[in-house]
Number of protein chains: 4
Amino acid sequence: MSLIDQKIKDKLYKIIFGTDTPAGKAFDVMLIITILSNSMIIIAESVEVIRNTYGMWLVVLGWFFVIIFTIEYILRLFVVKRKGAYLLSFFGIIDLLAILPAFLGFFMPQIRFLVIVRSLRLLRLFSILKMGRYMEESSHLLRALKASRPKITVFLFTILFIIVVVGSMMYVIEGPQNGFDSIPISMYWAIVTISTVGYGDISPQTPIGKLISSLLMIIGYGILAVPTGIISHELAHTSKNQGKKKNCPNCYSKFYTKEERFCSKCGTLLDS
Amino acid sequence: MSLIDQKIKDKLYKIIFGTDTPAGKAFDVMLIITILSNSMIIIAESVEVIRNTYGMWLVVLGWFFVIIFTIEYILRLFVVKRKGAYLLSFFGIIDLLAILPAFLGFFMPQIRFLVIVRSLRLLRLFSILKMGRYMEESSHLLRALKASRPKITVFLFTILFIIVVVGSMMYVIEGPQNGFDSIPISMYWAIVTISTVGYGDISPQTPIGKLISSLLMIIGYGILAVPTGIISHELAHTSKNQGKKKNCPNCYSKFYTKEERFCSKCGTLLDS
Amino acid sequence: MSLIDQKIKDKLYKIIFGTDTPAGKAFDVMLIITILSNSMIIIAESVEVIRNTYGMWLVVLGWFFVIIFTIEYILRLFVVKRKGAYLLSFFGIIDLLAILPAFLGFFMPQIRFLVIVRSLRLLRLFSILKMGRYMEESSHLLRALKASRPKITVFLFTILFIIVVVGSMMYVIEGPQNGFDSIPISMYWAIVTISTVGYGDISPQTPIGKLISSLLMIIGYGILAVPTGIISHELAHTSKNQGKKKNCPNCYSKFYTKEERFCSKCGTLLDS
Amino acid sequence: MSLIDQKIKDKLYKIIFGTDTPAGKAFDVMLIITILSNSMIIIAESVEVIRNTYGMWLVVLGWFFVIIFTIEYILRLFVVKRKGAYLLSFFGIIDLLAILPAFLGFFMPQIRFLVIVRSLRLLRLFSILKMGRYMEESSHLLRALKASRPKITVFLFTILFIIVVVGSMMYVIEGPQNGFDSIPISMYWAIVTISTVGYGDISPQTPIGKLISSLLMIIGYGILAVPTGIISHELAHTSKNQGKKKNCPNCYSKFYTKEERFCSKCGTLLDS
């Protein structure tokens, strides 16, 4: 490969994968617009009235985006150095899944579920949002969620246990004649209840069933408070320890961060 | 314009726009009463039984308030110095929208949606509530919400993604025969479910649909905890820095709070 | 009144109103049991099956408790010094309302709503719970709620505004043909939706109505986070400032409470 | 009993009750798998389609697990030193309940409710989860919940009072003709509403009923914030004092944390 080719490749790489140059930003904005438009078309296609009226246009636009995404995919594959790593990376697979269903659907048009696969392309937006402060913010959020994982695990396990036991109880008490056809259906009802969704497609009919439901609701109500408390606590905790902190050597008054040069309490020079 | 006219104008300005004088306060109280009464009448008019019985009275009272608001609008326009700025200001438009529909409706009585426009007058109450401590409190709330905007953006985007993907999945799995007529309808169902509203107008019928719904509810349940944690954290954070802040008199580097005695950048003694 | 009478009165006062003596505690426990039993009977009486089977017993037991409460009321009135103050106090009225409906119902048995008045006697339990630490805890809770009143006011006002405006919009968009008979009904629907209750007795039918509902749910979802954050923040805030705190005079490191005699950072003797 | 027997017993004890040795961990993993598989079979058995197709297999597998659990129970009883203590311990009873219903059901096959008892075996998983950090985390959670018990008690009592009073009111206002058949049913409706579940099986029909429901929803909405705030606050509070604490070596007055250098009671220098 000649040196000039390499230069063009590097330039393209900066545009397609980078976000710092004006051209790179323009590419990202274009990508956001095409991804959102593509999703709009997928959504619009599912509405019968729109499909009947503008069906032809939607098919044309759908193929237009598939061609754009195909060109983008080939370009990405062309400019990236470690091609294998990209192909198997999370976003590499997402990029492929955005175009594959169209070509597969050409031969097997009856496979309706490919619609879901196509809408997964929205995940690409997360790669673009990973710019500037959004990246920092979501990493803070993820760090807080990660730190509270053991607590959340204990919590989820407790909920699962409640769902299985209450589900079994309601199956026995209410039975198939009141809509609680099986334990899985009863567990579905328990989840609908404990999460306070409450569709009302299945609801207790017997007095004992209503009593148990009431207890489940009050427990679910109280349980709702626990993960909120956990996350709030972790959010506050992770932000406090974001930088390595030491006590002031003179007054030991408070932790200081790298950005502080003098103790704000006693005025001592700090070494950071 | 004579000097005496100007004096009357200034006095009226203080009454209408000010909140410090007794007359200004009385004007505000009167305005709150008229705005609330006007809203009551709009609401009462929509109830068929009341409309059939007191219809005539409601029309008369409605026009009575329109006349009062028109006089108020003319007075505001008369006393304010920068008339153009008022006309185009948020509250200037709100004040106009409170009287315009009545006159428009006189010629086009069939336009029912003007009802909404009239009830927007309630927004005026926010301008009156901007007194004393309520202003400070709501600014604290807004500051906390503003500070947590990047996190909330990441969060809302994640929810939107979940809604689109789960909406598409349920459209494919349940299909039109179970009420999931299109992806927008499925997305509406996903929002009803993830927000734990759960009307029950559409609910999953197939076992796989119920399984996915259960997962969505548990996720929605957990997700509910995240923004609460964010807001709580920001509220605590913004309040800590709520004190009157001044720049360091020596290095001007950063704002300091009452609790700091020395500048943490240059070590200068601060007077708090 | 002789001195011995006064002594008996004082003793009875300590038993009936006090909570420190063993007899006073026994009286409170008895009162809790009779109040709860009385409520049980009122609740049981409303169930048709129970009424038809044990109707006679319930009437007898109901009158039994009325007689007990009447004796208690007379005793309270007898032992209390400032009789007028008790008669007009909150609990004085509650105590009277517990027995009055029975005597009134004797002459006007058709007044069903007296049932509610009788169940208000449960409020008496709050006077008994005002013992030991529960009193302290609830005062902490009330103080936190009081401190967050301005914020909650701004918040409730915003919600009320949203309910009126969205209610008017849905009345115009959906109309009586879809169950949105009037603005009050639409406002009821808006409250059912924003509080995430979602009965499903009224639900949007038109596409625009569903779109507005979706926005309302997402907003309601976000708004749910605000008061939680406020209360959490105030709870933490009120507990921190529970005692008057001053900075350490040597190192200014941290606020100290009355209970601390030496600074925990630099060891300086503090004057509290 | 010979010494060799004792040695085998000790080894088995370490495997069955311990979690530190590789064999003990393997046993725990096996136990988790068998308990979860057993629950799966109980759940699967309740689904009619599965029962009709694989009924025979499920019965065989069910008995297979009963035999395994019986062997496990006998082994536990054999290796444990204080047999009586184990028999009457929480997990001892749980272990027995996992096998007893099968043998009882052999003679009385009509007792359907034994299904619930069998699914209680899932509680065993909590004994296994009590490993490593999960134990620490859940003890932190439990400590926070315990510390907030007085507040939660006041709170639950307030909710119970609201439910009884609103339940009575709605019973009188709506009455049996609108589904509010009795006060218990009205209380069930109040719980469904205040917990924001909202099945919609019972919903207010009269204007006054709808007004009271709206107030209940807004109150329930606000009340939801209180326990969350309490738990969050307690979680933060308990974690602050989580560090290893020692008594002051001089005055033994109070526990101190890592952040304190001098005892706040007597001024003694502490080693942290």
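Modeller: Helices (H or I, at least four residues) and strands (E, at least two) are DSSP runs, numbered from the N terminus. This is a predicted model, in which local features need pLDDT of at least 70 and side-chain atom pairs count only at pLDDT 80 or more, while totals for chains, interfaces and linings use all residues. Residues are numbered from 1 along each chain as its sequence is written, and side-chain values use heavy atoms, with hydrogens and water left out.

Biologist: Is Ile71(B) buried, partly exposed or exposed?

Modeller: Ile71(B) lies in helix α3 of chain B. Buried means under 20% relative accessible area, exposed over 50%, and partly exposed in between (1.4 Å probe, protein chains only). Because its relative accessibility is 48%, Ile71(B) counts as partly exposed.

Biologist: Which residue forms a salt bridge with Glu72(B)?

Modeller: A salt bridge is a side-chain nitrogen of Lys or Arg within 4 Å of a carboxyl oxygen of Asp or Glu. Glu72(B) is buried, with a relative accessible area of 7%. With the closest N and O atoms 2.8 Å apart, the partner is Arg76(B).

Biologist: Where in helix α3 of chain D is the kink centred?

Modeller: The bend at a residue is the angle between axes fitted to the seven residues ending there and the seven starting there. In helix α3 (residues 48-79) of chain D, the kink is about 85 degrees and is centred on Tyr54(D).

Notes: Chains are lettered from A and ligands numbered from 1 in the order in which they are written.
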